[in-house]
Amino acid sequence: MGGSIIEMAVVLAAAAWLTMQGIREDLAHRRAQQLAAEGQNEAVINAALASWVTDNYASLLAQFASTGSATLTPPTIDQLYTAGNLKQPHRNGPFWGGTYTIAMTMVPATCTATAGNCHVAYTFYPSQPLLKLGQPDVAGASQIAQAGGNAFGYSNYQNAATVTGLNGSWHTPNPLPGNPPAAIVATNALDSDGNSVYIRRDGSLTWTGDQNVNGVSLHNVNSMDATGTVKAGALIAANGPRQTSIGNDGAGNTNIYQDGALQVIQTGTNLYAPVNVGAVTSSGTIHAANLAVPRAFCARNGDIAGNSDGTGQQLNCLDNVWIPMSGPWTLYQTYAVYNGTVVPAPVCSAGSAPKIVVSTQNFYVDNTAVVSWVTQGAGPWTLNAVDGVGSPISAVGVAATYCAS
C-alpha cells in the first residue's frame, strides 16, 4: 500500500512538471509570435516614414535652409496615415508600453541645396526598451529586429551604448536615456536617404517639380518633346551635313540660319528673307505662306504671299495693299453666248466676288430700239438679248467672267 502511494505521488509530480513545461513552451511560442508581429508592424511604419521623406524632401530642404538647424520636424504616426503613407491607422507605441519616437536630421550639417549634397537621416524607435520579468530582453529585441528587416537593430549587454544593425551593417548611439540593453531602433542607414528622392537612372521615378540643371549641357539626347513653351537663346538642328539654327538677335527678331548663313527674319507674324542673293533659280516649286488677305494692309511693297484661304491664289503688295497678281479683276473663263445662254459663276478666292462682262459681236434689231444683255447679280447668269421693249432678238456676243477683288 505504501509503495502504491509513493508511485502515485511520483506520477502526479511528473504530470505536474510536464504540464508546467507545456505552459512555459506555449507562453514562449505566443511571445515569439507577439514579437514577430511587433517587428512587422514597426517595419510597415518605417517603410511609410521612408516614403514620407521622399514625398516631402523639398519642404524638409527648405526648412533646413530657412532655419539653419540640421534638426528637422518629423511626422507623427497619425500624420503618416493622413498623408497616405500608412494605409491604415497604427497605435503610437509597442505592446510593452511607451511611444514610437522619430528623430530626423539633415546631414551633413554643412550641406547646401546648391551643392545638392544634403540627405535626410532619421531614426525610429520605441521610447522604452523591451523588458521581460522587469529585465531587458535582448533575445526578444533580436526577434523584433529580425522580423523588421535590415533597417532594424538593437542594443545588447556587451555594448549597450551602441545600437547595432543586423549583421553589423550599421551603428548608431543608443537614443534611450541611460543606454539600456534591448533598445530597438530602425533607421534609413543614416547619412543617406536611400537615393529615393533623386532621379533614378532606370527612369522608375518621375520628376515631381521643376528642375534647374545649373547651366550645364545635356549631351547624347535621343529625342525631346514638350507640352509647353520651349525657350532657347539659340536652337540648332542638324540633318546629315546640313545644319539649321534658330536664334534671337536681341532686338525682338527671330533669325533662322542654314549652314551659318542668315535665311529668314521673323518679326511678329511677318517673315522676311533679308539676304540679297541676286537671281534665284529653282528646280522645284516655290511656296509662299498663305497669310495675305485681299485688299488688306501689307507692310512692305513688293512682298508676295498666298491667299490666306489656302486656294493657292498669289497676291502682291501694291501700295501697301494685297492685290492678286493677275490684277483686281482676274479673268476666269470666256463663253459664246446667245439669247437664253446660262453662264456659270466662277469659284473665287476669299476677298473677291464673281463678275461678268458681255460684249456684243453682231446683232439685228429695229434701228429705233436698243440692245440689252441682262447681267445683274453674282451669277450664275441667264443672258437675255432683248430689244428696247424687252423682246428677244437674234444676237451673238462674248461673255467673260472675272473674280474681282
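# A first look at this predicted model

Seven strands make up an open sheet, ordered E1-E2-E3-E9-E6-E7-E8, with antiparallel pairing. Strands and helices here are DSSP runs numbered from the N terminus, a strand (E) having at least two residues and a helix (H or I) at least four; two strands pair if DSSP finds at least two bridges between them. This is a predicted model, in which local features need pLDDT of at least 70 and side-chain atom pairs count only at pLDDT 80 or more, while totals for chains, interfaces and linings use all residues. Residues are numbered from 1 along each chain as its sequence is written, and side-chain values use heavy atoms, with hydrogens and water left out.

**The open sheet and its helix**

- The edges of the sheet are strand E1 (71-72) and strand E8 (171-173), each of which pairs on one side only.
- Within the sheet, strand E3 (residues 119-126) and strand E9 (residues 184-187) are joined in the antiparallel sense by two bridges.
- Phe-124 has Ala-186 in E9 as its bridge partner.
- Helix H4 (residues 138-148) packs on the sheet, where it touches strand E6 (152-154) and E9; a contact means heavy atoms within 4.5 Å.
- The direction of H4 makes about 170° with that of E6. For such angles, axes are lines fitted to C-alpha atoms, for helices over the stretch in contact, and the values run from 0 to 180 degrees between N-to-C directions.

**Salt bridges**

- The structure contains two salt bridges, a salt bridge being a side-chain nitrogen of Lys or Arg within 4 Å of a carboxyl oxygen of Asp or Glu.
- One of them links Arg-31 with Asp-137, and their closest N and O atoms are 2.7 Å apart.
- Arg-31 belongs to helix H1 (residues 2-55) and Asp-137 to the loop between strand E5 (135-136) and H4, so this pair ties together parts that are 106 residues apart in sequence.
- Both Arg-31 and Asp-137 are buried. Buried means under 20% relative accessible area, exposed means over 50%, and partly exposed lies in between (1.4 Å probe, protein chains only).
- Asp-303 and Arg-300 form a salt bridge too, with their closest N and O atoms 3.0 Å apart.
- In this pair, Asp-303 is buried at a relative accessible area of 17%, whereas Arg-300 is partly exposed at 40%.

**Disulfides**

- A disulfide is a covalent bond between the sulfur atoms of two cysteines.
- The model holds two disulfides, taken here as pairs of cysteine sulfur atoms within 2.5 Å.
- Cys-111 and Cys-118 are joined with their sulfur atoms 2.1 Å apart, and with 105° about the S-S bond their link is right-handed.
- Cys-111 is buried at 4% relative accessibility, and Cys-118 is buried with a relative accessible area of 1%.
- Cys-298 and Cys-317 form a disulfide with sulfur atoms 1.9 Å apart; the link of these two is right-handed, with 90° about the S-S bond.
- Cys-298 sits in the loop between strand E15 (290-292) and strand E16 (304-307), and Cys-317 in strand E17 (residues 314-318), so the pair ties together parts that are 19 residues apart in sequence.
- Cys-298 counts as buried at 2% relative accessibility, and Cys-317 is buried at a relative accessible area of 1%.

**Helix H2 and its two sides**

- In helix H2 (residues 57-67), the buried residues are Tyr-57, Leu-60, Leu-61, Gln-63 and Phe-64.
- These residues cover an arc of only 155° around the axis, which puts them on the same side of H2; the arc is that of the directions from the helix axis to the C-beta atoms.
- An α-helix has 3.6 residues a turn, so residues three or four places apart point the same way.
- Ala-58, Ala-65 and Ser-66 are exposed on the other side of H2.
- Gly-68 follows H2 and has a positive phi, near 75°.

- E16 and E17 run antiparallel and are joined by three bridges, with Gly-306 opposite Gln-314 in E17.
- These two strands form a hairpin with six residues between them, and Gly-310 in the turn has a positive phi of about 80°.
- E17 is also joined to strand E18 (residues 321-324) by four bridges, and these strands run antiparallel.
- Leu-318 stands opposite Val-321 in E18.
- The hairpin of E17 and E18 has two residues between the strands, and Asp-319 in its turn has a positive phi of about 50°.
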